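Here are my notes on the structure for you to read alongside it. Please keep the sequence to hand as you go through the points.

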Amino acid sequence: MTTTSLRSTAISIRNGIVRRSPAMQRLIQQGATHNCLPKALYRRLQPIGVATLHAPDGSPFRYECFEEDGFGRMIVWRDMRDWERTTQPLLYSLAKKSRVFVDVGAHTGIYSILGCLANPELRVIACEPNPGLAERIRANAALNGLTERLTVVAAALSDAPGSATLSIPRKRTHAASLRAPLQGEATIEAEVTTGDALLSGMPVDLVKIDVEGLESQVLGGMSEVLRTRAPHLIIECLDPAALESARQVVTPAGYTHVYHISAQGVVPVTGRFRDPDLLHTNFLFCTRPYSG
């Protein structure tokens, strides 16, 4: 037996023990949440099944973990504390005052669910072209009784409608991409639409975009929404070039106020911006100064 197969067998046995014991999962969650377990340990364990998590205001919701759910490892064991800790409360606050929230690159639907929890009147449009992840969003919406308010669109957004090749990573919980596939990745033909076509006539007040480096193309396809609705935008920009590209697209629509969602909170971007750290790559774009 090779070293790789031995490691795979050990991981299967370890995760199997966790999977068969909900009490063990609860114990791990408690230990991790109270800093009694090292991250190197609990981040290697795979939660399976339905976990209860909490929104920024303490509201509970349910999340279903499945095999190879790397994102589940990130959010379950420490009850959302290890994931985008400054973006969560910002989006939650903005959702309270919004009518329609568009979650572009929704992954398993966490931000879509948080938006619904923040505002019982909110309508959410979750766009996720990866069919496996789109099903996870539907499952998590059903778990929380949100199917009437949370619509899943299994398509990619870009600057022109049509179809495109979508690369599906080997680990199915990783984000799919319209970029060229890496070796070993599966591909499918995915529907592509624009934000202007999808959202025509909707009172969009909040948009979150996380599409693996193609954020500017998504913005380019919703110029009419930006011009007429002026929603708050939360956009992932992995480096200064991505940030500058996004700014060039949205500035003509009046988005002259840009903020880094940093460890210190929402900080205005002035002058030349350095690379954001890997934990804080989200930015807030507004047509008016953000005042909290």
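1. Glu-84 counts as buried, because its relative accessibility is 19%. Buried means under 20% relative accessible area, exposed means over 50%, and partly exposed lies in between, using a 1.4 Å probe and protein chains only. Glu-84 sits in the loop between H4 and H5. Its phi is near 45°, a positive value in a residue other than glycine.

2. A word on the source: this is a predicted model, where local features need pLDDT of at least 70, side-chain atom pairs count only at pLDDT 80 or more, and totals for chains, interfaces and linings use all residues. Residues are numbered from 1 along each chain as its sequence is written, and side-chain values use heavy atoms, with hydrogens and water left out.

3. Helices (H or I, at least four residues) and strands (E, at least two) are DSSP runs, numbered from the N terminus. Asp-79 is not a glycine, yet it has a positive phi of about 50°. It counts as buried, because its relative accessibility is 15%.4. Next come the salt bridges. The structure holds six of them. A salt bridge is a side-chain nitrogen of Lys or Arg within 4 Å of a carboxyl oxygen of Asp or Glu. Side chains of opposite charge can pair when their charged atoms come close.

4. Helix H7 (residues 131-143) holds a salt bridge between Glu-135 and Arg-138. Their closest N and O atoms are 2.7 Å apart. The two residues are three apart in H7, so about one helical turn separates them. Glu-135 is partly exposed, with a relative accessible area of 45%. Arg-138 is also partly exposed, with 35%.

5. Stay with H7 for Arg-136, which is found in this helix. Arg-136 counts as buried, because its relative accessibility is 17%. What does it touch, leaving aside its neighbours within four places in sequence? Arg-136 is in contact (heavy atoms within 4.5 Å) with Glu-64, Phe-66 and Thr-108.

6. Helix H10 (residues 223-229) holds Glu-224 and Arg-227. They form a salt bridge, and the closest N and O atoms are 2.5 Å apart. Being three residues apart, they are separated by about one helical turn. Glu-224 is partly exposed, with a relative accessible area of 37%. Arg-227 counts as exposed, because its relative accessibility is 55%.

7. Now the strands. Strands of a sheet pair through backbone hydrogen bonds, either parallel or antiparallel. Here, two strands pair if DSSP finds at least two bridges between them.

8. Ile-234 stands opposite Leu-284 in E13.

9. Another open sheet has three strands, in the order E6-E8-E7, with mixed pairing. Strands E6 (156-157) and E7 (162-168) stand at the edges, each with a single partner strand, so one side of each has no neighbour in the sheet. Seven bridges join E7 to E8 (residues 186-193), and these strands run antiparallel. Ala-164 stands opposite Ala-190 in E8.

10. Last, look at helix H6 (residues 110-118). Eight of its nine residues are buried, so the helix is largely enclosed by the rest of the structure. The buried residues of H6 include Ile-110, Tyr-111, Leu-114 and Cys-116.
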